[in-house]
Amino acid sequence: MLAHIEKVESGYRATYERHLNHPVEEVWSYLTDNEKLPKWFSELRVDELRKGGVIKFDMGDGTFDELSILDLKVNSVFEFSWWADTVRFELSQESGGSSLRLIENIHTITDHTPKDLAGWHVCLDVIEALLDGRTIERKDEWKIWYERYAKEIEKVTLQ
């Protein structure tokens, strides 16, 4: 299911919802543990896991951008800057597992926005697959979701 994308006062907001058949602590470890994080987002490394701490994004050219951790509540909230935007993971326990919500607050829609949205979508699918002991072919999945998000962005920006 596509993320819900809406126009908000500060720009746009994309909200993804996932219901996972795994405990919050297990899901949390994939979001914050440097042993598991690269399995679904190879460019990210948590440098200091605390509010005010840092996540490093490997630019692939030997340099790293530092993204600030804006909010952190263990097993519940993990929010960080995403350049001009923000990404927030919210976790909660529910019957038979947990609920994972990813909220990206997007300052400005660019040509890159549908790429990012498709990327987050596939990342969440990969986390779920890893938790379930499955694998996903990222590139094929990303292409499918990229086309869908490009159309969705078009709809939202025309409103």
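Modeller: Arg45 has Lys56 in S4 as its bridge partner. The model is a predicted one, in which local features need pLDDT of at least 70 and side-chain atom pairs count only at pLDDT 80 or more, while totals for chains, interfaces and linings use all residues. Residues are numbered from 1 along each chain as its sequence is written, and side-chain values use heavy atoms, with hydrogens and water left out.

Strand S3 (residues 44-46) pairs with strand S4 (residues 54-58) in the antiparallel sense, over three bridges. Pairing requires that DSSP find at least two bridges between two strands; strands are DSSP runs (E, at least two residues) and helices likewise (H or I, at least four), numbered from the N terminus. S4 also pairs with strand S5 (residues 64-73), again antiparallel, over five bridges. There, Phe57 has Asp65 in S5 as its bridge partner. S4 and S5 form a hairpin with five residues between them, and Gly60 in that turn has a positive phi of about 85°.

Turning to the helices, Glu26, Val27, Tyr30 and Leu31 in H1 meet Ile127, Leu130 and Leu131 in H2, contact being heavy atoms within 4.5 Å. By class, this contact has six nonpolar, no polar and one charged residues; Ala, Val, Leu, Ile, Met, Phe, Trp, Tyr, Cys and Pro count as nonpolar, Asp, Glu, Lys and Arg as charged, and the others, Gly among them, as polar.
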